[in-house]
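Q: I am new to this structure. Can you show me how to read its salt bridges and its backbone angles?

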Amino acid sequence: FVSYYCSSKINKRYRVINYVLTILLLITISLLLIRYVSLSFIYVIGVFICGTFYCIFVGNKKVRLLAINVGAVLVALGLFEMYLLAWIPFSEPRHQYEYFVKNEETKIGSLMQSGVTTNHKLLGYAATRSVRFFETKRLKEEIVYEASYTINDKGLRATSNQYNEAATPVLFFGGSFIFGEGVSDDETAAATIEQQSEGAYRVHNFGFIGYGPHQMLAILENGLERPVLTDHIPAYAFYLTIGDHVRRISGLAPWDHNGPKYKLKPHGNATNVGPFDQHLIGKTIKLLNKSLIFQSRVTDHLSDSEDEVLFASIVAKSSTLFEIRYGGKFFVIYWDDQKTEKETIRIAKLRKHGLRVIPISNVLPHFSRNQKNYLIHKDLHPNALAHKLIGDFLLRLMRHETPLTNGKDLANK
């Protein structure tokens with residue numbers, strides 16, 4: 001009302017106040033929507049469209065012309081947001097994830113809102129310690145899988161517990177693929193190694209849902225693995241990576257706004273510069289991730305050649321830290337399910353850094369032709385069979401029984 005009063009003919013000289021009040025009101029409402037509403041951009045656009053109509057109603061000729069043009073752009077963006085909101089679930093049905101911990105305050109929600117994770121000042125987020133949490137994944141109304149995950153008192157995925165006190169430690173790093181999302185505690189690759197080795201190896205699985213190589217490097221740089229190992233020396237470390245990990249190091253993952261950000265310094269070394277959201281780019285990405293246009297049409301195209309170089313540098317530095325600290329061997333397992341030129345170049349860059357890279361197609365028989373045999377039905381995560389074969393392969397590698405791969409004996413390289 002104050003704004004409208006200031007725009008009346010009697011108060012022409014106060015029209016500037018009108019515009020300022022209108023803009024402040026729009027910004028305030030938008031910030032509240034962004035703060036408290038998911039996928040809020042469609043509402044923000046609606047608010048600004050209302051603002052442009054108001055400016056058309058009360059403004060002078062120049063203001064009206066500007067408002068009409070701005071309004072046209074906003075209407076187009078709003079319609080596209082609405083189209084994606086209605087079209088994506090119809091044409092590309094989304095998987096819905098529900099996580100919860102059974103306790104007195106059971107909350108069913110996303111990974112970050114269900115008590116499954118806690119904030120971590122170095123990693124962004126981590127699994128809540130000493131809990132057993134549950135996940136249900138749905139495709140429309142159909143249940144894709146239901147799984148439970150046991151997290152031990154160190155914050156790591158529990159394994160088979162079939163190891164002896166003199167067992168040789170093995171470290172796992174990566175995201176949901178190595179964590180074992182969708183399979184039970186005793187079906188993971190980590191559990192397979194412990195079971196098949198009859199307790200000769202003990203696997204510490206530092207992988208977690210949504211993690212990337214930046215969390216792996218932060219763990220090693222800050223010695224977060226040391227309290228877990230106590231006085232034992234690990235002989236091997238395995239990092240399982242997928243193509244999406246390049247996007248994650250840029251802070252583009254909508255669940256990882258507080259993760260560690262790395263930058264390449266002039267000497268080519270990856271350096272931690274703090275959490276993503278402490279930087280302008282990170283704050284901007286966090287804001288834009290409220291938009292379906294950004295999520296579905298932009299993020300996949302933002303990773304560039306610099307990110308590829310940074311990715312290889314982060315993995316290489318992790319390998320160097322591990323091998324110097326413990327004298328063990330570090331391997332990269334690359335999930336090469338796309339068979340694109342970009343994947344080929346990425347693997348070549350990793351090997352150029354002197355890294356031992358094993359494509360998953362060399363681990364899982366006939367992987368290129370029969371990928372569905374190794375994936376959870378209607379899902380992209382490895383199933384129990386894939387985990388068993390990966391565990392068997394890595395155990396043979398550590399026992400120096402692995403057959404030659406591409407003419408090289410990986411165990412002795």
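A: Start with a definition. A salt bridge is a side-chain nitrogen of Lys or Arg within 4 Å of a carboxyl oxygen of Asp or Glu. Side chains of opposite charge can pair when their charged atoms come close. Keep in mind that this is a predicted model.

Q: How many salt bridges does the structure hold?
A: There are 11 salt bridges.

Q: Which residue forms a salt bridge with E142?
A: The partner is K378. Their closest N and O atoms are 2.8 Å apart. Now place the two ends. E142 sits in strand β5, and K378 in the loop between β12 and α14, so the bridge ties together parts 236 residues apart in sequence.

Q: Are E142 and K378 buried, exposed or partly exposed?
A: Buried means under 20% relative accessible area, exposed over 50%, partly exposed in between. E142 has 34%, so E142 is partly exposed. K378 has 39% and is partly exposed too.

Q: Where does the pair of D185 and R157 lie in the chain?
A: Take the contact before the location. D185 forms a salt bridge with R157, with the closest N and O atoms 2.7 Å apart. D185 is in the loop between α5 and α6, while R157 is in the loop between β5 and β6. The two are 28 residues apart, and the pair links distant parts of the chain. D185 counts as buried at 15% relative accessibility. R157 counts as buried at 3%.

Q: What about K317 and E221?
A: Their side chains meet in a salt bridge, 2.9 Å from N to O. This pair links helix α12, which holds K317, with helix α7, which holds E221. They are 96 residues apart. K317 is buried at 19% relative accessibility, whereas E221 is partly exposed at 30%.

Q: Which residues are linked in a network of salt bridges?
A: D244, R247 and R248 are linked in this way.

Q: Now the backbone. What is the general idea about phi?
A: Most residues other than glycine have a negative phi.

Q: What is the phi of S130, and where does S130 lie?
A: S130 has a positive phi of about 55 degrees, although it is not a glycine. S130 lies in the loop between β3 and β4. With a relative accessible area of 52%, S130 is exposed.

Q: What is the phi of K378?
A: K378 has a positive phi of about 60 degrees, and K378 is not a glycine.

Key
Residues numbered from 1 in each chain as written. Predicted model: local features only at pLDDT ≥ 70, side-chain atom pairs only at ≥ 80, totals over all residues. Heavy atoms only, no water. Helix = DSSP H or I, 4+ residues; strand = E, 2+ residues; numbered from the N terminus. Buried < 20%, exposed > 50% of the residue type's maximum accessible area, 1.4 Å probe, protein only.
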